[in-house]
Amino acid sequence: MKAKTFEELGKSSLTVSVAWIVFGVVQPILSERLSIQIALIAFAGFLIFLSLGIILLERLGDDER
């Protein structure tokens with residue numbers, strides 16, 4: 001795959017990780033429906049997509065060398 005592909009996938013993954021936090025933690029806090037289970041699932045999704053984004057962006061750095 002091309003370096004640009006890794007860059008775009010990495011950025012998209014970081015965006016999805018932010019969405020996990022917003023829709024899984026911030027929105028339930030504002031609507032006063034936050035539960036520990038929902039927060040843990042959202043945090044796990046955040047970590048997965050954050051890790052994936054970092055890995056993809058690091059892969060981009062390896063291709064440019």
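View 1. The model is predicted, so local features need pLDDT of at least 70 and side-chain atom pairs count only at pLDDT 80 or more, while totals for chains, interfaces and linings use all residues. Residues are numbered from 1 along each chain as its sequence is written, and side-chain values use heavy atoms, with hydrogens and water left out. Lys 11 forms a salt bridge with Glu 7, with 3.5 Å between the closest N and O atoms; the term means a side-chain nitrogen of Lys or Arg within 4 Å of a carboxyl oxygen of Asp or Glu. The two residues are four residues apart in helix H1, about one helical turn. An α-helix has 3.6 residues a turn, so residues three or four places apart point the same way.

View 2. Glu 7 is partly exposed, at 23% relative accessible area. Glu 8 meets Lys 11 in a salt bridge of 3.6 Å, N to O, and these two lie three residues apart in helix H1. Through shared partners, Lys 4, Glu 7, Glu 8 and Lys 11 are joined into one network. The structure holds four salt bridges.

**View 3. The course of helix H1.** Helix H1 covers residues 3–30; helices are DSSP runs (H or I, at least four residues), numbered from the N terminus. From first C-alpha to last, its 28 residues reach 39 Å, close to the 40 Å expected, where the expected span is 1.5 Å times one less than the number of residues. H1 bends by about 30° at Val 22, the bend being the angle between axes fitted to the seven residues ending there and the seven starting there. Among the buried residues of H1 are Phe 6, Gly 10 and Pro 28. After H1 comes Glu 32, with a positive phi near 60°.

**View 4. A nonpolar surface patch.** Val 18, Val 22, Phe 23, Val 26, Ile 29, Leu 30 and Leu 34 form a nonpolar patch with about 660 Å² of accessible area together. Patch residues have over 30% relative accessible area and no salt bridge; nonpolar side chains (Val, Leu, Ile, Met, Phe, Trp, Tyr) are joined within 5 Å, like charges within 9 Å. Areas come from the Shrake-Rupley method with a 1.4 Å probe; for residues, only the protein chains shown count as cover. Leu 34 sits in the loop between H1 and helix H2 (36–64).

Terms used:
Buried < 20%, exposed > 50% of the residue type's maximum accessible area, 1.4 Å probe, protein only.
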